[in-house]
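Thanks for coming, everyone. Please take a look at the screen while I walk you through what the side chains are doing.

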Amino acid sequence: DRNDTIPTHLKTIFRVNEHETNATNLSGSIVCECGCEYFTILHNENRQYDPSMSYSEQDGLKVVAICNNCRKKHLIFDEATQGYNGLVCGDLKTALDSNLTDYICHKCGSTIFSISLDIEIEDKEQFIEECVNEYPDKFSPDDYVDAFDWIAINVCCKKCSKEVEWISLELS
């Protein structure tokens, strides 16, 4: 079942695109539980790396979507806790929401978007071999869905329909 490969934090809001999804790539869009497909997006994409601080003190990339209809807040991605590096290595710290800024359409200035994701799924057998067998107290076989290897976040402006291939991040 495709839904078994959806990362835990996205299970209730990720709508799978069957045509673009396969054994290694999960493709789909974000839809709030209320049915709305439009969101304001908070992020810290422009955060600066500070060489004087250890990596674990630095904020990871964080993307939060707020439903345009019911205003529910959804975590789309947190580099500090998700993906292979976040889940397994725990390199970075989670950014505070107060450090996030609105994503703004560069074409028309709007702040309301639809969101689509492409996620490269971690190989389950490899995850079990590398993580579960090595650290059985820390990981279970089902955790592989949260140890994804790559995430691409694409947005489309509701107002002017400008599509942006926004974030593409390797996580392993």
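**Side chains and their partners**

Let's begin with Phe 139, which is buried, with a relative accessible area of 6%. For that word I use under 20% relative accessible area, with exposed being over 50% and partly exposed in between, using a 1.4 Å probe and protein chains only. A word on what you're looking at: this is a predicted model, where local features need pLDDT of at least 70 and side-chain atom pairs count only at pLDDT 80 or more, while totals for chains, interfaces and linings use all residues. Residues are numbered from 1 along each chain as its sequence is written, and side-chain values use heavy atoms, with hydrogens and water left out.

So, the rings. How many aromatic pairs does the structure hold? There are 6 of them, where a pair means Phe, Tyr or Trp rings (for Trp, the six-membered one) with centres within 6.5 Å; planes under 30 degrees apart make it stacked, over 60 edge-to-face, and the rest are tilted. Take Tyr 103 and Trp 166: their ring centres are 4.5 Å apart with the planes at 50°, so that one is tilted. Tyr 103 is in the loop between strand 6 (101–102) and strand 7 (113–120), while Trp 166 is in strand 9 (residues 163–170), so the pair ties together parts that sit 63 residues apart in sequence. By the way, strands (E, at least two residues) and helices (H or I, at least four) are DSSP runs, numbered from the N terminus.

Are those two buried or exposed? Tyr 103 is buried, at 3% relative accessibility, and Trp 166 is buried too, at 10%. Back to our opening residue: the rings of Phe 139 and Tyr 135 have centres 6.5 Å apart and planes at 75°, so they're edge-to-face. Phe 139 is buried, as I said, but Tyr 135 counts as partly exposed, at 47%. Tyr 103 and Trp 166 come up again, because ring pairs link them with Phe 113 into a cluster.

One more ring before we move on. The charged end of Lys 158 sits over the ring of Tyr 38, 4.9 Å from the centre. "Over" here asks for NZ of Lys or CZ of Arg within 6 Å of the ring centre and within 35 degrees of the ring normal.

On to charges. The model has 7 salt bridges, meaning a side-chain nitrogen of Lys or Arg within 4 Å of a carboxyl oxygen of Asp or Glu. One of them joins Arg 47 to Glu 79, at 3.1 Å from N to O. Arg 47 is in the loop between strand 3 (39–43) and strand 4 (62–67), and Glu 79 is in the loop between strand 5 (73–78) and helix 1 (83–89), so parts 32 residues apart in sequence are tied together. Arg 47 is partly exposed, at 32%, whereas Glu 79 is buried, at 12%.

Then there's Lys 62 with Asp 97, closest N and O atoms 2.7 Å apart. This one links distant parts of the chain, 35 residues apart: Lys 62 is in strand 4, and Asp 97 is in the loop between helix 1 and strand 6. Lys 62 is buried, at 8%; Asp 97 is partly exposed, at 30%.

Lys 124 and Asp 142 also form a salt bridge, 4.0 Å from N to O. Lys 124 is in helix 2 (residues 124–132) and Asp 142 is in the loop between helix 2 and strand 8 (150–157), so the pair ties together parts 18 residues apart. Lys 124 is partly exposed, at 31%, and Asp 142 is exposed, at 53%. As for shared partners, Lys 62, Lys 73 and Asp 97 are joined into one network of salt bridges.
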